[in-house]
Amino acid sequence: MMMTIDVRKCNAQKKYAGDLTGEFEADDALIDIPYVRFSSPVRAELHYEILEDDSVEVTGTLFFALEGACSRCLAQTEQKFEGSVDACFVPQGGESEEYRYRNGVVDLQSCLNDALILALPGRLVCEPPCVALEWNEK
Ligand SMILES: [Zn+2]
């Protein structure tokens, strides 16, 4: 699903802050670990605040799970992860390195993808005891 914030509508309703939750299918191509994929949709629990200058602050947490081969012992495993979202969107035309939005609607997908990439682990390791770890310690 598309996660968006309709800033014009929120302003019209004088609803300048709120919570937003949703799920989206993440692209397995974001993962840089062999034989690992997302095992379920990513869940986003977000809070947004529309400031007086129409910039929109978005904070929250992403919950996701990866499944695939343990990077050490190759056993199939599934692990849960969390990532944090902390982004600011400004209306198009503003000068900044922040995210832009157009036509009064914030499309959260780019910031969610960025937060996801930051939260992705470098490898997937099965729950202890990972057999490979035990071997290494002996
Ligand atoms: Zn393992």
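Which residues touch the most other members of the largest nonpolar core? They are I5, V56, L108 and L112, in a core of 34 residues. The model is predicted.

- Nonpolar side chains tend to be buried together in soluble globular proteins.
- The core of 34 residues draws at least two residues from each of α1 (7-12), β2 (17-24), β3, β4, β5, β6 and α2.
- L108 is one of the residues that touch the most other core members.
- Leaving aside residues up to four places away in sequence, L108 touches M3, T4, I5, L20, L46, V58 and F89.
- V58, one of those contacts of L108, has A87 in β6 as its bridge partner.

**Strand pairing around β5**

- Strand β3 (residues 36-38) pairs with β5 in the antiparallel sense, over three bridges.
- V36 stands opposite G68 of β5.
- Strand β4 (residues 42-50) runs antiparallel to β5, and eight bridges join the two.
- E49 has E57 in β5 as its bridge partner.
- Five residues separate β4 and β5 in their hairpin. In that turn, D54 has a positive phi of about 70 degrees.
- β5 and β6 are also antiparallel, joined by 14 bridges.
- G60 is bridged to V85 in β6.
- The hairpin of β5 and β6 has six residues between the strands. L74 takes a positive phi there, near 70 degrees.
- In a regular strand, side chains alternate between the two faces of the sheet.

**From β6 to β7**

- Strand β7 (residues 99-101) runs parallel to β6, with three bridges between them.
- P91 stands opposite Y101 in β7.

- How many disulfides does the structure hold? The count is zero.
- A disulfide is a covalent bond between the sulfur atoms of two cysteines.
- For C111, the closest cysteine sulfur belongs to C88, and at 10 Å that is too far for a bond. The cut-off for a disulfide is 2.5 Å between the sulfur atoms.
- C111 is buried, because its relative accessible area is 3%.

- G22 lies in strand β2.
- With a relative accessible area of 6%, G22 is buried.
- The C-alpha atoms of G22 and E45 are 6.8 Å apart, although 23 residues separate the two in sequence.

**Positive phi in loops**

- Most residues other than glycine have a negative phi.
- K14 has a positive phi, near 50 degrees, and is not a glycine.
- The position of K14 is the loop between α1 and β2.
- Is K14 buried or exposed? K14 is exposed, because its relative accessible area is 64%.
- Y35 is not a glycine either, and its phi is positive at about 60 degrees.
- Y35 belongs to the loop between β2 and β3.
- The relative accessibility of Y35 is 66%, so Y35 counts as exposed.

Notes:
Residues numbered from 1 in each chain as written. Predicted model: local features only at pLDDT ≥ 70, side-chain atom pairs only at ≥ 80, totals over all residues. Heavy atoms only, no water. Pairing = 2+ DSSP bridges. Helix = DSSP H or I, 4+ residues; strand = E, 2+ residues; numbered from the N terminus. Buried < 20%, exposed > 50% of the residue type's maximum accessible area, 1.4 Å probe, protein only. Core = buried A, V, L, I, M, F, W, Y, C linked by side-chain atoms within 4.5 Å. Contact = heavy atoms within 4.5 Å.
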